[in-house]
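I opened this notebook to record what I looked up in one chain. The entries run from the whole chain to single residues.

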Amino acid sequence: MRAFLLFFFTTSIFSLQAQIQGKITDAATGASLPYATVSLFSKTDSLLVDGTITDESGSFSLAANKGNYYIKAEFLAYEPFFIENIEVGNVPVNLGNIKLSAASTTLQEVVVQAEKSTMQMSLDKKIFNVGKDLGNAGGNAADLLSNIPSVSVDVEGNVSLRGSGAVRILIDGKPSGLVSFNGAAGLQQLQGSLIERVEIITNPSARYEAEGVGGIINIILKKERTNGFNGSFDLITGYPTNYGVALNLNYRKERLNFFVNYGISYRNSPGKGSIYQRVSSGDTTFIYRQTNERNNIGFHQSIRGGLDYYFNPQNILTAAYTFRRSDSNRLTDLIYTDYIFDENHPTGISTRSQDEDEIEPNSEYSLSYKKTFNRKDQELNAEVRILDNWEDSDQDFTEKFYYPDFTPTSLPELLQNSYNYETEKQFLVQVDYVHPFSKEGRIEGGVRSSFRNMLNDFRVTQLNDGNWEPLPGLDNKFLYDEQIHAAYGIFGNKTGKFSYQLGLRAEHTDVTTKLVKTNEVNARNYTNFFPSAHFTYDLPNQNAVQISYSRRVRRPRYNDLSPFMTYTDNRNFWSGNPDLEPEFTNAFELGHIKYFDQGSLSSSIYYRHTIGEIDRIRRVDSLGNSVTRPENLNTEDAFGAEFTASYDLTKWWKVDGNFNFFRAIKDGGNLGADFKSDNYSWFTRFTSRFTFWKNTDLQLRGHYRAKQQETQGYRKPQWFIDVAVSQDILKNNGTLTLNVSDVFNTRRHRSVTEGEYFYSSNDFQWQSTQVNLTFSYRLHQQKKKEEKKAQENMED
């Protein structure tokens, strides 16, 4: 009897609840997605009512009392999928197949999808899936960035965003050893096939570190989390010499996901350049012309592996290790021709050759933890990251002297050696927490600490009478010790069509540099506050506007402070400045975005006011020798307007473009009356893609950068055109891509620099026209075209 009553009571309780059933599948393939997370929330207060994970067949079942609910379905590497207004009564609710896809459209973010190209735009961030851009096939990370709207890459690999070189470059949201020693030029070591997407954040909130007055470029590496065994590989060949292999693999089963990326490349990058310089000293004019040719032969390897462990759907631990090594040989030949008064009076010729061997390994270790809670969007993230990098450079120089007719003089040849050994060790720890409240509100907070130590052992010696002797002032050790501690808080909410986000970040910086042999110590420590504010209003007909503000900082980088000079060209030296101070910027931006059925248009007006602007200043002595180093100017005021658009003209013709106009007023009156400039300039980029037949695409892209005034002269206009064509093969699992970068070989850096007693004209080409052929093959993955078709079916 008791058993019967217990059975009756239990079944009565459960009879008050209805079952909600469904199945989670891949939108592209229709395959079941086991272990996906399904959460049921109350519509009235957004509290979690029930949750589960799907079984091996992708099916799930939830229980709920009578009421109004919504469901959130999630699976790693897929966009979350919401089902609103689920009315639960006394009968079971069958939701059928719920299709998850890698592409989605939300109120604040639109995905403009072509069959093989995806660009996501929102008011405060733009995301470019660079792996789907035909022009990127066979290139490195620097090549990829040069194809992104708002971003420019010069001949030396330096990156600027909206005309500002003070940009913060992150990899997977964190600092990387790739950009420690060589700045953005280090990105030439990273194979583009290992990159999934690039995020451009022009006016970051307090959530991001305050470094980078021009904004943040975040490079996201590939990492699959799809169930089972998946991956892809690329084979690359090109001219001038460019051979490479890239492999991306993952295997996921139940609680474990293993992933590995490997890239290897061998590349020869020939370049050339010329300099004309005229120097006045009293009543005498000294002139020289320099020509140079260089070959940079690089052998690069990169491997990144790790695993995700799912304690349960709400707790994930990820461990990863990255090792990169670059072995380079640089051969440079320079010829100097000297004149007096004018070019009708040559005085001599000298040649200088450089043979450099460089090894640069770097290791990165990371351990991260993510916890989600029962409440929607509530989560905790923590990470520890260690960087251990070093670089060993050994350069031999040989200089010979000739008469104007190129017959040797009696002067002995000059033999010199430059040895440079650098190390970097960095430890970083970061914790972030998001706490939602009400329906749309959220509070965020976090702390971050980084400890960074660097050593540069620099020595230049010269062979004199059979003995190698150090040159005065070019034999020392430079120590760099940096600590940055930060905390931030953000408060945001939404009322109707109006949303806002207010943030404040505090950072304490402690930097000490020391020249060991001369015991020169320079210590700096300062605490600064960096507020941010973002206000957004949703307008009718898929329009939205946002006004934002943030305060940013550009701290002098390691190379900005190191006093050691480059010695390849012994008439033109580049060095850091140990006395350099940080620059601070207040950035304002008004943005608008309009969504169309076939595309979108994003526009913005921005203004930056910078105090202590860091700029490279060139000084020339009476003998014509120049030293270029960074120095602080009083201020810079930069204004600009930017437009980015993407539109599908037809099913077979798609276009996108970017136009940026800006004005920069620099005041370097603290250095002298001549160190001022008022620059109006613009740059644009336009891409047109055509689809022929069934699986053939043609892409054309043009770049143009107008003349740009600088503090001591101007940079001449630059233009170049890229062409690419691709063909799907092997049942759409493989793709062949042929691309030609800089078809007409016009991508050259041409500039004029002027001072009180000198005039200099430069023309450099870092790399000539490049032709690449790439074969890509996808393992257990479907073609992106099929993904789009499935996505359209789901939306219908």
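The entries below begin with the basis of the model and then take up its parts.

**Basis.** I worked on a predicted model, in which local features need pLDDT of at least 70, side-chain atom pairs count only at pLDDT 80 or more, and totals for chains, interfaces and linings use all residues. Residues are numbered from 1 along each chain as its sequence is written, and side-chain values use heavy atoms, with hydrogens and water left out.

**Whole chain.** I counted secondary structure and found four helices and 44 strands. Helices (H or I, at least four residues) and strands (E, at least two) are DSSP runs, numbered from the N terminus. I then looked up burial: 51% of the 796 residues count as buried. Buried means under 20% relative accessible area, exposed over 50%, and partly exposed in between, with a 1.4 Å probe and protein chains only. The accessible surface comes to about 35100 Å², and 56% of this belongs to carbon and sulfur atoms. Accessible areas come from the Shrake-Rupley method with a 1.4 Å probe; for residues, only the protein chains shown count as cover. For contacts (heavy atoms within 4.5 Å), I noted that 66% of those between residues at least 6 apart in sequence join residues at least 24 apart.

**Sheet of three strands.** I traced an open sheet with mixed pairing and the order β29-β33-β32. Its edge strands, each pairing on one side only, are β29 (572-574) and β32. Neighbouring strands are turned by 30° against each other on average, direction ignored; the axes are lines fitted to C-alpha atoms, for helices over the stretch in contact, and angles run from 0 to 180 degrees between N-to-C directions. Two strands pair if DSSP finds at least two bridges between them. Strands β32 and β33 (residues 626-632) are antiparallel over seven bridges, with Arg629 as the bridge partner of Ile617. Between β29 and β33 the pairing is parallel, over three bridges, and Phe573 stands opposite Val627 in β33. In the hairpin of β32 and β33, five residues lie between the strands, and Gly624 takes a positive phi near 90°.

Why is strand β32 largely enclosed by the rest of the structure? I noted that five of the seven residues of β32 (residues 614-620) are buried, so the strand is largely enclosed.

I located Ser604 in strand β31 (residues 599-611); its relative accessible area is 6%, so Ser604 is buried. Contacts of Ser604, leaving out residues up to four places away in sequence, include Arg162, Glu589 and Gly640. Ser646 lies in strand β34 (residues 635-648) and is counted as buried because its relative accessibility is 10%. Ser646 and Tyr595 are 51 residues apart in sequence, and their C-alpha atoms are 9.9 Å apart.

**Gln718.** Which residues is Gln718 in contact with, leaving aside its neighbours within four places in sequence? I listed His703, Tyr704, Arg705, Arg747, Arg748 and His749. A polar atom of the Gln718 side chain lies 3.0 Å from the backbone oxygen of Arg748. Gln718 belongs to strand β40 (residues 718-729) and, at 16% relative accessibility, counts as buried.

**Asn695.** I found Asn695 in the loop between β36 (676-692) and β37 (696-705), buried at 12% relative accessibility. The Asn695 side chain makes a polar contact with the side chain of Asn732, at 3.3 Å. A polar contact is a pair of N or O atoms within 3.5 Å; within protein, one must be able to donate a hydrogen and the other to accept it, and residues adjacent in sequence count only if both atoms are side-chain atoms.
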